[in-house]
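Dear colleague,

I am passing on the structure below, and I would be glad if you could look through it before reading the notes that follow.

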Amino acid sequence: MDDAWVDESPSRTKPPDNWPGSRTLYVPRAVAVTWSAHVRATGAGMAGWHGGWARGLWRTAVALAAPPLAAALAFGVAWESAYGSLGDWGFFLGGLLLPLVLLGWHAALATRRGASLIALSALPAGLGAILALASVGHGALEDRGVEISCLVLKVTEHTETESSMDAEGRWTSTTRTSYDHRLGCPAGGPEHLDASSRLAKEGESLAVVHDPQGKVSPRAAGDVHGRGLRTAAEVAVGAAVLLGLVGGIREAYQKRRRRPRGPAGR
């Protein structure tokens, strides 16, 4: 077996085997190589912990926090609009557009690094934010809404077609139909009510719940579901958090498996 000299003295000249007072250590080459490889592997392991696992923990924490934060942002902006002084543009930009843009950015970053489950969690998270936004208006009608009986004067059908391009470059069209009910209500009642279906025929009466403060759109009396929407929002956000947790653990495990190990020897 070849041997290695590990010299601790300033001198670089190999002394005789039994030189008195020498500080030179006689170390078998196999031991020296193994010790050097162990030091390199330990350093790589510490770097993997601080650089890989710490980053994985941070990404998992972001994946867990993004869905409830987006829903809370949407809910808070909608609350300020229904119970405060926030206008329609603030409601649209802060309550709807901003949470969806943030979730889209979060999903794009996850997709870029191959974390498919974290990217997928943006879908139920976005749904939860929209449901949280809608639940505030329904809740306001439950709190302070006034139910009145109105006469349906006219029903106008509106059809809108929207086209969009998917990730593969294919165009898809979506058709949405809404019905504008022109109403004859007692003093202080709404003049119009928009719905996704025809609620009554012309000349029929329709029970309507409206906001005396005029901050929330009126709805048909049987179409107010504040508590149900809040529950649905919580379920959607919970599903997004669960996907984010599983995706974060999966990403950290895959990064750990792909991390190169230090050499064991020569």
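**The disulfide and the confidence**

Cys185 is partly exposed, with a relative accessibility of 22%, a class that lies between buried (under 20% relative accessible area) and exposed (over 50%), computed with a 1.4 Å probe on protein chains only. Cys150, by contrast, is buried at a relative accessible area of 2%.

This is a predicted model, in which local features need pLDDT of at least 70 and side-chain atom pairs count only at pLDDT 80 or more, while totals for chains, interfaces and linings use all residues. Residues are numbered from 1 along each chain as its sequence is written, and side-chain values use heavy atoms, with hydrogens and water left out.

Cys150 and Cys185 form a disulfide (a pair of cysteine sulfur atoms within 2.5 Å), with their sulfur atoms 1.9 Å apart, and the link is right-handed, with 115° about the S-S bond. Because Cys150 lies in strand β3 (residues 146-165) and Cys185 in the loop between β4 (171-184) and β5 (192-195), the pair ties together parts that are 35 residues apart in sequence; helices (H or I, at least four residues) and strands (E, at least two) are DSSP runs, numbered from the N terminus.

As for pLDDT, the predictor's confidence in each residue from 0 to 100, the protein averages 80, and 74% of the residues score at least 70. Where pLDDT is low, the predicted coordinates should not be read in detail.
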